[in-house]
Amino acid sequence: MTAGRKIIVNDATLRDGMHALAHQYTVEQMVAIAQKLDEAKVDIIEVSHGDGLNGNSFNYGFSAHTEEEYLRAVGAALSHSKLGALLLPGIGTTADIARAKELGVHTIRIATHCTEADVAKQHIEFAREAGLDTVGFLMMSHMISTADLVAQAKLMESYGAETVYVVDSAGALLMDDTRERIDAFKQALGCAVGFHNHNNLGLGVANTVIAIQAGADRVDGSVAGMGAGAGNCALEVLIAVLDRMGIETGIGLYPLIDCADQLVRPMQKRPVQTDGNALMLGYAGVYSSFLLHTERAAQRYGVDPRDILVELGQRRMVGGQEDMIVDVALSLSKP
Amino acid sequence: MGKTPAAIIGSGNIGTDLLEKMRRRSTVLDPAVLVGIDKDSDGLRRAQSHGIRTTHRGIEGLFDDEAFADIGVVFDATSAKAHLHHAKLLQARGKKVVDLTPAAVGPYVVPVANLDEGLGHDNVNMVTCGGQATIPIVKAMSDIGTVHYAEIVASIASRSAGPGTRANIDEFTVTTARGLEQVGGAKKGKAIIVLNPAEPPLIMRDTVYGLVESDDEAALTASIRAMVERVQGYVPGYRLKQDPVYERVEQRFDDGRVVAGTKVSVFLEVEGAGDYLPPYAGNLDIMTSAALKMGEEIAIAQGSQA
């Protein structure tokens, strides 16, 4: 399945990792990480607010610097890697895609909840028209059946997406679930297939390897897992495993290990790991970026964060509904 | 005084819900004609079953209808593109128009925020569903102190997001943000929309954040509560889910501005009346309810001039 195929690796340290730092990277930190990723020859480096372009808000948090400052600085630091960005329709608009392109973005990923692909039509069409490498990103892919997910992926492909991702935003997919979805995408789609996940059930690297074995053309990882919840598939670990498996990525291991040990881990204010609350995200099937918001609300209103996460799961909240975390905490705090 | 005859253009979900609302609830307006383009549409059949005149020949069919001359208010629930065409024709014929599309030919109106401004124009626009739900709260904050920034998150059931909204979701965020500024009084507005596919469908939720130059929490709460009551006058299912939450913050914005003030968080739920569309579709209900309210006020103002 994997012989002779170049797997494209999309790093998410500077986008998903924004969640882990409450969007507070300094420009210097981003550039230092990007230089290491570029040295390692990672294919794509995604830079955005955790919730995508134009994500700065009370609801999701304001980043330490502007989008433009981050994209310009990282773009200027790259000699091999391409610059990527994420956009969620409903938060960002086509105007943000146009601005990102002017700032040197090469790859744009348009993310919707797994049942709502049609809201991405205008953005995918716009991005293709603009000549960007255009990716559809189906979030919370664990929430619907494989057949339903394939139908949504086909919509994204029909709008012009060149790659469509299975996105395990809650880190809730089991190993067979992952294999089944990637298998089905490979059979049903003519475009490339990608996989992005979170380590909430401790399956970050394992499920990404399964996705590659099932034929995924593009996969995500973050250095030291730097991402929402328990973090993403740890990129340096993935590259080490793929090396041992004889799967060629062309990506250097040592620069990634150095980046993880010397740069990323020392920056983490809260360890990015599969601890109790992060585990609960995967267990309850909750959007990973809810973690820090939930811990803050739990502390403020004197509620057990696990109770908040379970209630959010029961209410079937989806990505973007961070406002409901405080709403749930307030409701739980009432005698 | 008898009811003023009204015409509704558009026999889809919104137009039909508006028709049912007007037929059942309005003491001011009478749905005289429903205009569609598909003679088999549920909306037109429903209107006929109530003895309401219909045409499936679009706006030309309306102009040819014998009831047209007496129509006092025309509601347009078609699309932005269609409304641009309709607006010119209706203006030439001297009709007052309430526009429920995103065309925004006329000024944005929210009945509890800028009714009087709306009454001064022949064509008024109802912003968006998220705007109708949240602009009143921003206005309530503006009445107490300068709102430097207002942000809203509208969560609606996937089933209540029609093809028009889905095909152009940017229009929702951009138009709502502008409404927060122009009608709500915020110096800067931002809107976020989230579609949630849960079954059974979730009732519309709206969260409004304001950065307000006032630390008078009691006055803010009183103003917000009073505004909720006023909206309940035409949308009974409009509710505060929690007491407003207050935090002192200092916020730096992308344009370099640093603003110190009170961050106010208001959690709303909008349950529809279930006139035609199901109660979870509060987003559609608040749109038709606000439009009906606006149309009634226009008819009353016309009547008092006559």
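Predicted model: local features only at pLDDT ≥ 70, side-chain atom pairs only at ≥ 80, totals over all residues.
## How chain A is divided

Let's start with chain A. Its domain assignment gives domain 1, covering residues 8–267, and domain 2, covering residues 276–333. Taken over C-alpha atoms, the centres of these two domains of chain A are separated by 23 Å.

The two parts do touch: 23 residues of domain 1 of chain A are in contact with 16 residues of domain 2 of chain A. On the domain 1 side of that contact, you'll find twelve nonpolar residues, eleven polar ones and no charged ones.

## The barrel in chain A

Now for the strands of chain A. Eight of them close into a barrel with parallel pairing, in the order β1-β2-β3-β4-β5-β6-β7-β8. Going from one strand to the next, the twist averages 25°.

For a look at one pairing, take β3 (residues 82–87) and β4 (residues 107–113) of chain A: they run parallel and are joined by four bridges. Here A:Gly84 stands opposite A:Thr107 of β4(A). Elsewhere on the sheet, helix α6 (residues 146–159) of chain A packs against it, touching β5 (133–139) and β6 (163–168) of chain A. The direction of α6(A) makes about 155° with that of β5(A).

There's also a backbone detail to look for in chain A. In the loop between α2 (27–39) and β2 (44–46) of chain A sits A:Lys41. Phi of A:Lys41 is near 70°, which is a positive value in a residue other than glycine.

## Two helices side by side in chain A

Further along chain A, have a look at helix α12 (residues 290–301) and helix α14 (residues 323–333). Their axes come within 9 Å and cross at roughly 30°. That angle makes α12(A) roughly parallel to α14(A), and α12(A) passes α14(A) in a right-handed crossing.

Which residues make the contact? From α12(A) come A:Phe290, A:His293, A:Thr294, A:Ala297, A:Ala298 and A:Tyr301, while α14(A) brings A:Ile325, A:Val326, A:Ala329, A:Leu330 and A:Ser333. Sorted by class, the contact of α12(A) with α14(A) has eight nonpolar residues, three polar ones and no charged ones.

## How chain B is divided

On to chain B, where domain 1 is made of two stretches, 4–126 and 286–305, and domain 2 spans 129–279. The C-alpha centres of domain 1 and domain 2 of chain B lie 26 Å apart.

Between them, 21 residues of domain 1 of chain B are in contact with 25 residues of domain 2 of chain B. On the domain 1 side, the elements giving two or more residues are α1 (13–25), α5 (111–119) and α10 (282–305) of chain B. The largest share, six residues, comes from α1(B). By class, this side of domain 1 of chain B has eleven nonpolar, five polar and five charged residues.

Which hand does the crossing of α1(B) and α2(B) have, left or right? It is left-handed.

The contact is made by B:Gly15, B:Thr16 and B:Leu19 of α1(B), together with B:Asp42, B:Gly43, B:Arg46 and B:Ala47 of α2(B). These residues of α1(B) and α2(B) divide into two nonpolar, three polar and two charged.

Chain B has a backbone detail to look for, too. The peptide bond from B:Glu199 to B:Pro200 is cis, with omega near -5°. You can find B:Pro200 in the loop between β8 and β9 of chain B.

## Where the chains meet

Definitions and conventions. Residues numbered from 1 in each chain as written. Chains lettered and ligands numbered in written order. Axes fitted to C-alpha atoms, helices over the stretch in contact; angles between N-to-C directions. Parallel < 35°, antiparallel > 145°, perpendicular 65-115°, else oblique. Left-handed = near helix turned anticlockwise from the far one by under 90°. Contact = placed C-beta atoms within 7 Å. Nonpolar A, V, L, I, M, F, W, Y, C, P; charged D, E, K, R; others polar. Domains from an automatic or database assignment. Pairing = 2+ DSSP bridges.
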